[in-house]
Amino acid sequence: MSLRSSDTPLELVVIGDDSLHAVALPASGSLLVGRDSACDVRIQGGSVSRRHALLHVGPDLTIEDLGSRNGTFIAERAGAAGATGPLLRVHAGRSSIAVGDRINLGATIVVVRRAAPARAAEGRLREPPIVVDPSMEALHQQIRRAARGKITVLLQGETGVGKEIFARAAHDA
């Protein structure tokens, strides 16, 4: 898929165990993604291989699995209802991806998106969460409503469900 439809820079959003962070992508080139300290995009997590994949940025956007232990998968593009289909495994060679496609590197999810202007909050830069699912949007609306009041909010849930993201959203609101 051609990337030249917009001059907005791209970034790679990494959604890991208990973290969400964005990495600015160059206009062209290849980035090594994995756990190794020599990787351009370093991802902590036992399901990500030391040298997991290569992300190629240029006129086209592609990803290449480097023989990772837990595989590289691309979610099928959203259908009319907005739901994604099954995951497609990236085998030998490069696979084309589009801005907004969900890519699973083991248990870690990465998404290439157009960089949004950062919002300043308490002197730090924060990225807004990526919300597509209507039920998740409803939860974000509830947290924004709760943030307007003078109440204490207790966020509970299992590890990895996004409590920290909701806490940040409440503080930002």
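Tutor: A salt bridge is a side-chain nitrogen of Lys or Arg within 4 Å of a carboxyl oxygen of Asp or Glu. Please keep in mind that the model above is predicted.

Student: What general idea stands behind this rule, and how many salt bridges does the count come to?

Tutor: Side chains of opposite charge can pair when their charged atoms come close. In this structure, the count by this rule comes to three salt bridges.

Student: Which residue forms a salt bridge with Arg 113, and how far apart are the closest N and O atoms?

Tutor: The partner of Arg 113 is Glu 11, and their closest N and O atoms are 2.6 Å apart. This pair links distant parts of the chain, since Arg 113 belongs to strand β11 and Glu 11 to strand β1 (residues 10-15), 102 residues apart.

Student: Are Arg 113 and Glu 11 buried or exposed?

Tutor: The word buried stands for a relative accessible area under 20%, and exposed for over 50%, with partly exposed in between. Both Arg 113 and Glu 11 are buried.

Student: Which residue pairs with Arg 94 in a salt bridge, and where do the two residues lie?

Tutor: Arg 94 forms a salt bridge with Glu 64, with 3.9 Å between the closest N and O atoms. Arg 94 is in strand β9 (residues 94-96) and Glu 64 is in strand β6 (residues 62-65), so the pair ties together parts that are 30 residues apart in sequence. Arg 94 has a relative accessible area of 54% and is therefore exposed. Glu 64, at 21%, is partly exposed.

Student: Where do Glu 164 and Arg 168 lie?

Tutor: Both are in helix α2, four residues apart, which is about one turn of the helix. Glu 164 and Arg 168 form a salt bridge whose closest N and O atoms are 2.2 Å apart. Glu 164 is partly exposed, with a relative accessible area of 38%, and Arg 168 is also partly exposed, with 33%.

Student: Let us turn to the strands. How many helices and strands are there in the chain?

Tutor: The chain has two helices and 13 strands.

Student: Over how many bridges do β10 and β11 pair?

Tutor: Strand β10 (residues 102-105) and strand β11 (residues 108-114) pair over four bridges in the antiparallel sense. One example is Ile 103, whose bridge partner in β11 is Val 110.

Student: What joins β5 to β6?

Tutor: A hairpin does so, through four residues. The strands β5 and β6 pair in the antiparallel sense over four bridges, and Leu 55 has Ile 63 in β6 as its bridge partner. Strand β6 is also joined to β9 by three bridges, and these two strands run antiparallel. Thr 62 stands opposite Ser 96 in β9.

Student: Where is the place of Val 48, and which residues does Val 48 touch?

Tutor: Val 48 is in the loop between β4 (41-42) and β5 (53-57). Its relative accessibility is 0%, and therefore Val 48 counts as buried. Leaving aside residues up to four places away in sequence, Val 48 touches Gly 34, Arg 35, Ile 43, Leu 105 and Thr 108. Residues apart along the chain may also be compared by their C-alpha atoms: those of Val 48 and Gly 71, 23 residues apart, are separated by 8.6 Å.

Student: Which residues form a nonpolar patch on the surface?

Tutor: Ile 151, Val 153 and Leu 155 form such a patch, with about 250 Å² of accessible area together. Leu 155 is found in the loop between α1 (134-148) and α2 (163-172), and Leu 155 is partly exposed, at 32% relative accessible area.

Student: What can be said about the chain as a whole?

Tutor: Of its 173 residues, 32% are buried. The chain exposes about 10,300 Å², of which carbon and sulfur atoms supply 53%. Among contacts with a separation of 6 or more, 49% come from residues 24 or more positions apart.

Methods. Residues are numbered from 1 along each chain as its sequence is written. This is a predicted model: local features need pLDDT of at least 70, side-chain atom pairs count only at pLDDT 80 or more; totals for chains, interfaces and linings use all residues. Side-chain values use heavy atoms; hydrogens and water are left out. Two strands pair if DSSP finds at least two bridges between them. Buried means under 20% relative accessible area, exposed over 50%, partly exposed in between (1.4 Å probe, protein chains only). Contact means heavy atoms within 4.5 Å. Patches are made of residues with over 30% relative accessible area and no salt bridge: like charges are joined within 9 Å, nonpolar side chains (Val, Leu, Ile, Met, Phe, Trp, Tyr) within 5 Å. Accessible areas come from the Shrake-Rupley method with a 1.4 Å probe; for residues, only the protein chains shown count as cover.
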